[in-house]
Protein chains: 2
Amino acid sequence: MTLPHVEKHFAGGQKVRDIVIGMSDGLTVPFALAAGLTGAVAASNIVVVAGLAEIAAGSIAMGLGGYLAARSDAEHYASERVREEVEIKEKTEMERQEIVEIFESYGVAAEASAPLVTALEKNPESWIDFMMRFELGLEQPDPKRAVRSAATIAASYVFGGLIPLAPYMLEKNAHSALLFSIAITIAALGVFGYIKGHYTGAPAWRSAVQTMVIGSVAAGAAFGLARLIS
Amino acid sequence: MTLPHVEKHFAGGQKVRDIVIGMSDGLTVPFALAAGLTGAVAASNIVVVAGLAEIAAGSIAMGLGGYLAARSDAEHYASERVREEVEIKEKTEMERQEIVEIFESYGVAAEASAPLVTALEKNPESWIDFMMRFELGLEQPDPKRAVRSAATIAASYVFGGLIPLAPYMLEKNAHSALLFSIAITIAALGVFGYIKGHYTGAPAWRSAVQTMVIGSVAAGAAFGLARLIS
């Protein structure tokens with residue numbers, strides 16, 4: 001292939017993106033829920049039950065959601081490709097004109113893009129691929145991605161969610177457990193944010209602080225709300 | 001603009017996508033959590049407290065997450081654009097060669113893309129825009145999107161999450177409330193899935209069934225797990 005930037009961007013990006021999606025919610029929501037419940041109940045066991053129920057629900061909802069999203073991306077690509085193929089066959093002149101227009105929007109005159117149109121016409125398969133990417137902005141999705149994506153998101157969610165819950169499993173008094181939970185979760189959010197920043201190209205320290213702030217705000221709001229209404 | 005397909009795809013898609021993101025998790029996770037807790041406790045008030053804490057936590061985590069994701073998209077675009085600008089100025093020959101290679105991967109010979117290269121060179125701003133989209137596959141993000149995206153996701157999450165909780169607010173016995181909660185949430189998931197399918201172009205009935213299945217599986221797993229450990 002001759003597009004190294006894009007290819008690289010895609011292969012590593014997908015897996016990291018799935019881990020980030022699962023882990024950021026997994027670390028944040030069960031943490032905040034546990035903190036919130038601690039504002040209303042004193043016994044750790046209720047918090048553990050609620051937390052594990054949340055982890056089960058959240059990981060399944062996100063994993064299945066990710067699976068279906070990836071599959072619907074693949075289907076969308078396939079159906080648009082069929083449509084493009086038909087259009088090229090039946091409305092050839094219009095599709096030719098579309099190529100010219102794409103380049104005109106970049107200040108390229110029709111005469112300069114004409115040889116390109118002629119070259120694409122000789123190879124209809126390439127023409128379709130070209131229209132998919134350059135007219136519609138769609139990349140061909142990896143067919144195996146759906147299942148892998150679902151599993152990665154769900155596993156990351158479970159892994160992230162067990163961190164804030166661990167103290168409640170070990171300490172019967174929910175209020176004491178909360179302090180440990182806050183300490184290890186904020187630390188975990190910081191480490192996660194730092195690594196995430198490193199992989200996504202954002203400044204790592206800023207990413208660490210942002211992730212800790214999101215977790216703290218969510219947990220604080222859940223705690224305050226639960227205390228208020230109970 | 002001369003790219004109506006892409007433009008249309010983007011403008012409507014973003015808002016719908018944010019509502020779908022917020023609402024699918026909002027309908028599913030609080031529903032499953034409430035069902036799960038009902039497997040362990042008999043009083044609705046604990047379920048309501050946990051559910052509202054979850055809604056607060058989930059909407060903030062997803063909303064802030066969406067805000068930061070949109071902002072980091074915008075920053076990524078800006079930094080890549082600067083890099084592309086420098087490359088075009090300093091490694092002009094290499095960038096010229098990259099255009100040729102992009103088209104070669106679609107079976108277009110170097111001679112056919114040469115006039116295009118010449119035309120782009122006359123207008124460096126368009127050349128940068130061209131490389132952003134055609135080499136890197138990046139679209140310019142709307143700068144106002146971050147805040148709007150966050151608000152839409154969070155509001156959809158809250159709206160979705162209050163539906164499964166409503167019965168618990170009205171009925172003190174959690175087990176009776178669960179039955180109502182299942183009924184209205186499965187119905188809401190079906191309606192939501194149907195509308196979602198309509199907007200995203202998937203078959204509406206299949207989308208409705210899928211959404212109901214995800215919600216039911218998540219809720220069933222949470223219920224089973226909570227019952228098992230309590």
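**Legends to close-up views of a predicted two-chain model**

**View 1. The fold of chain A.** The secondary structure of chain A amounts to 8 helices and 0 strands, where helices (H or I, at least four residues) and strands (E, at least two) are DSSP runs numbered from the N terminus. Chain A has a radius of gyration of 25 Å, well over the 17 Å that the globule rule gives for 230 residues, so it is more spread out than a compact globule; the radius is taken over C-alpha atoms, and the rule is 2.2 Å times the number of residues to the power 0.38. Along its principal axes, the C-alpha trace of chain A spans about 75 × 35 × 30 Å. This is a predicted model, in which local features need pLDDT of at least 70 and side-chain atom pairs count only at pLDDT 80 or more, while totals for chains, interfaces and linings use all residues. Residues are numbered from 1 along each chain as its sequence is written, chains are lettered from A and ligands numbered from 1 in the order in which they are written, and side-chain values use heavy atoms, with hydrogens and water left out.

**View 2. The two copies.** The same surface serves both copies, since 98% of the contact residues of chain A recur in chain B, contact meaning heavy atoms within 4.5 Å.

View 3. In chain B, B:S181 lies in helix α7, which covers residues 174–200. B:S181 is buried, with a relative accessible area of 0%; buried means under 20%, exposed over 50%, and partly exposed in between, for a 1.4 Å probe and protein chains only. Not counting residues up to four places away in sequence, B:S181 touches B:F31, B:P164, B:P167 and B:Y168.

View 4. Helix α8 of chain A, residues 204–229, holds A:V209, and at 45% relative accessibility A:V209 counts as partly exposed. For chain A as a whole, 49% of the 230 residues count as buried.
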